[in-house]
Amino acid sequence: MTPREIVPGVFSVGAIDWDLRLFDELIPTPDGTSYNSYLVRGSEKTALIDTVNPPKFTDLTTNLDRLGVEKIDYIIANHAEQDHSGSIPAMLDRFRGAKVVTNAKCRDFLVDLLHISADQVIVIDGGDTLALGDKTLEFIIAPWVHWPETMLTYLQEDRILFSCDLFGSHYATSSLYVPDEATIYESAKRYYAEIMMPFRSSIKGHLANLESRDIATIAPSHGPVYDRPAFIMDAYRDWTGDDVKNTVVLPYVSMHGSTQAMVDHFVGALMERGVEVQPFNLPKTDIGELAKALVDAATVVIGTPTLIFGPHPQAVYAAYLANLLRPKTRYVSVIGSYGWGGKTVDTLAGMLGRLKVEVLEPVYIKGRPKEEDFAALDRLADEIQKMHQEAGVLPS
């Protein structure tokens with residue numbers, strides 16, 4: 001990566017990770033990612049906003065060298081997670097006398113996670129400003145985006161919001177700005193689903209707080225910069241809002257074909273009733289795509305056989321994921337088969353306690369499906385059609 005100028009005196013100096021395919025040993029990143037760091041040169045002082053993941057530290061220092069940076073006065077820590085903060089200790093060693101600027105909760109995290117001395121930190125609060133001469137940084141405390149200590153930094157004169165993880169996307173690109181809004185929309189939605197969705201209510205409040213600000217540019221910590229902020233802010237308003245779509249998300253696994261036969265029939269039954277359905281064969285599924293589908297689906301139906309006395313582990317993972325991410329889903333159900341018994345339905349229902357949903361009657365059968373079992377699936381499809389119509393997402 002090479003340093004790129006956003007406006008006079010403001011540069012993107014972070015690193016691109018083209019080859020990353022698993023973030024935090026958890027999140028698939030098929031398009032790689034970037035660790036964005038921003039240099040703000042005022043007439044009197046210089047600030048670096050966030051750093052990079054430590055393995056990419058050399059990329060950051062190379063970019064600073066190319067700009068001839070000999071002194072950094074302040075390192076702004078918007079967020080203590082190590083892909084942003086992890087290079088702070090090395091930066092403090094390189095630029096002696098630099099001070100870390102962050103809020104009290106983030107300071108405590110940095111002390112614990114990186115063993116930074118509290119004496120090296122200037123603690124600020126929401127609404128505080130930091131003068132760099134002809135440029136002024138303002139700090140916006142934004143807890144639970146997506147950690148409790150997160151904050152945003154606003155460059156008043158140039159109207160740039162440095163949003164850290166908020167509005168980000170795991171998308172490696174040589175373009176400084178969003179190259180294609182349709183592509184970035186999908187990447188940003190996936191990122192929101194995987195990381196931000198559990199904190200939907202908090203984020204909705206932070207979006208409202210940003211309404212009064214004049215924002216010309218949004219510079220996140222992952223992915224390209226937004227030179228049309230309304231694009232991503234409108235998307236977040238939609239994703240964090242309460243409206244759902246006429247969609248059934250159907251994560252499933254089948255061992256010997258019985259559940260697969262049920263899924264195949266059920267998909268067709270939903271399609272006949274005008275209900276969009278997105279099936280995910282769990283052993284073959286990119287879990288990030290499943291998370292993205294959960295963002296605004298009205299209904300989730302989990303399909304699983306019984307393994308010994310409970311659900312298949314892949315179905316357990318899907319239920320755990322849905323419960324963890326807390327989508328705005330309104331209805332859930334279970335379909336599948338068993339051999340001699342078990343508590344599959346009760347187990348899965350008990351795993352979804354964080355979701356505010358109505359549980360529709362499951363279709364759980366013994367052995368391979370028979371005509372009466374397919375009829376039960378049709379009745380479940382009828383019920384989902386009715387629920388979607390009553391919710392106003394499917395015409396009557």
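L130 has L137, in strand 13, as its bridge partner. The model is predicted: local features need pLDDT of at least 70 and side-chain atom pairs pLDDT 80 or more, while totals for chains, interfaces and linings use all residues. Residues are numbered from 1 along each chain as its sequence is written, and side-chain values use heavy atoms, without hydrogens and water.

Strand 12 and strand 13 run antiparallel and are joined by three bridges; strands are DSSP runs of E with at least two residues, and two of them pair if DSSP finds at least two bridges between them. Both belong to an open sheet of five strands with mixed pairing, in the order 12-13-14-15-16. Strands 12 and 16 each have a single partner strand, so one side of each lacks a neighbour in the sheet. From one strand to the next, the twist averages 20 degrees.

| Strand | Residues |
|---|---|
| Strand 12 | 129-131 |
| Strand 13 | 136-141 |
| Strand 16 | 217-220 |

The largest nonpolar core has 84 residues, and L64, F167, I232 and Y236 have the most contacts inside it. Such a core joins buried (under 20% relative accessible area, 1.4 Å probe, protein chains only) Ala, Val, Leu, Ile, Met, Phe, Trp, Tyr and Cys residues through side-chain atoms within 4.5 Å. Helix 5 (residues 181-196) contributes the most, seven residues; helices are DSSP runs of H or I with at least four residues. A second, separate core of 25 residues includes A269, L270, V301 and L394.

How values were computed. Buried means under 20% relative accessible area, exposed over 50%, partly exposed in between (1.4 Å probe, protein chains only). Axes are lines fitted to C-alpha atoms, for helices over the stretch in contact, and angles run from 0 to 180 degrees between N-to-C directions.
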